[in-house]
Amino acid sequence: MTHNPYQAPDARLDDPVIVAQPRPAAISLACRIFWVVLALGLVSLLPAIRGEWWLVPEVEETGVEGAAEMMLIGMSVFVLIASASYALLTWLISRRHNWARWTMLAYLAFGWYVTTGELSHTFSTAPLAGALDLLCLLAEVWAAGLLFFGTGARWFKPSGAP
């Protein structure tokens, strides 16, 4: 065979066909747990369950006109942003975005830190809210375990990884 320097190489130039693995049951369960925790967390913020949590006594004592309304608006915006972030991360995890899994773990770890620090106070002021917080925390630990161990963890590994 003669060598022709002007002939195109025989290398394959198109993308290889990647067979998508179906989502394991552990990932589906973890995502469902996250959706339920989000819903329970939002329900637990209702004044009938948690009390008037947005009214900080110092705000009422300042005598500033509309301080309670400003606090309510600020807390509502915070809850909206936090809930949207949680929902987006849950959705991205279900779509096999590994970075979303790690971001969710950091998000959850911060939430666990805050929740455990306030749990005794929450139980003393609003026992039902404290019980819901504890239930949500335990469910999130379970869901995070499903993401990082067993078939859930293997699903996030690249195709050729050991």
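Buried means under 20% relative accessible area, exposed over 50%, and partly exposed in between, with a 1.4 Å probe and protein chains only. Keep that scale in mind for each stop.

This is a predicted model: local features need pLDDT of at least 70, side-chain atom pairs count only at pLDDT 80 or more, and totals for chains, interfaces and linings use all residues. Residues are numbered from 1 along each chain as its sequence is written, and side-chain values use heavy atoms, with hydrogens and water left out.

**Stop 1: the whole chain**

Colour by secondary structure. The chain has 7 helices and 0 strands. Helices (H or I, at least four residues) and strands (E, at least two) are DSSP runs, numbered from the N terminus. Along the sequence the pattern reads α-α-α-α-α-α-α. Of the 162 residues in the chain, 31% are buried. Now turn to contacts, meaning heavy atoms within 4.5 Å. Among those with a separation of 6 or more, 67% join residues 24 or more positions apart.

**Stop 2: helix α5**

Select residues 98–125. This is α5, with 28 residues. From first C-alpha to last it reaches 39 Å, close to the 40 Å expected at 1.5 Å a residue. The expected span is 1.5 Å times one less than the number of residues.

Where is the kink in α5 centred? Go to Leu119: the kink there is about 50°. The bend at a residue is the angle between axes fitted to the seven residues ending there and the seven starting there.

Next, show side chains. Ala100, Arg101, Met104, Leu108, Trp112, Leu119 and Thr122 are buried in α5. The buried residues of this helix pack against α1 (25–43), α2, α4 (67–94), α6 and α7 (151–156).

Pick out Leu108. Setting aside residues up to four places away in sequence, Leu108 touches Phe34, Tyr86, Glu140 and Ala144.

**Stop 3: the nonpolar core**

A nonpolar core is a set of buried Ala, Val, Leu, Ile, Met, Phe, Trp, Tyr and Cys residues joined through side-chain atoms within 4.5 Å. The largest one has 27 residues. Which of them touch the most other members? Select Phe34, Tyr86, Ile93, Met104, Leu108 and Leu147. The elements giving two or more residues to this core are α1, α4, α5, α6 and α7.

Centre on Ile93, in helix α4. Its relative accessible area is 0%, so Ile93 is buried. Apart from neighbours within four places in sequence, Ile93 contacts Ile27, Cys31, Phe34, Ala100, Arg101, Met104, Leu147, Trp155 and Phe156. Ile93 and Ala30 are 63 residues apart in sequence, yet 9.4 Å apart in space, C-alpha to C-alpha.

**Stop 4: aromatic pairs**

Rings of Phe, Tyr and Trp (its six-membered ring) pair if their centres lie within 6.5 Å; planes under 30 degrees apart count as stacked, over 60 as edge-to-face and the rest as tilted. The whole structure has 4 such pairs.

Select Phe34 and Tyr86. Their ring centres are 5.9 Å apart and their planes stand at 85°, so the pair is edge-to-face. Phe34 sits in α1 and Tyr86 in α4, 52 residues apart, and the pair links these distant parts of the chain. Phe34 is buried at 0% relative accessibility. Tyr86 is buried too, at 5%.

Move to Trp102 and Phe148. The ring centres are 4.7 Å apart and the planes at 70°, so this pair is edge-to-face. Trp102 lies in α5 and Phe148 in α6, so the pair ties together parts 46 residues apart in sequence. Trp102 is partly exposed at 48% relative accessibility, while Phe148 is buried at 16%.

Phe34, Tyr86 and Tyr107 form one aromatic cluster.

**Stop 5**

Select residues 127–148, helix α6. At 1.5 Å a residue, its 22 residues should span 32 Å, and the end C-alpha atoms are 32 Å apart, which agrees. Gly150 follows α6, with a positive phi near 70°.

Side chains of opposite charge can pair when their charged atoms come close. A salt bridge is a side-chain nitrogen of Lys or Arg within 4 Å of a carboxyl oxygen of Asp or Glu. How many does the structure hold? It holds 1 salt bridge. Select Arg50 and Asp133: their side chains meet at 2.9 Å, N to O. Arg50 lies in α2 (residues 47–50) and Asp133 in α6, so the pair ties together parts 83 residues apart in sequence. Arg50 is buried, at 19% relative accessible area. Asp133 is buried as well, at 17%.
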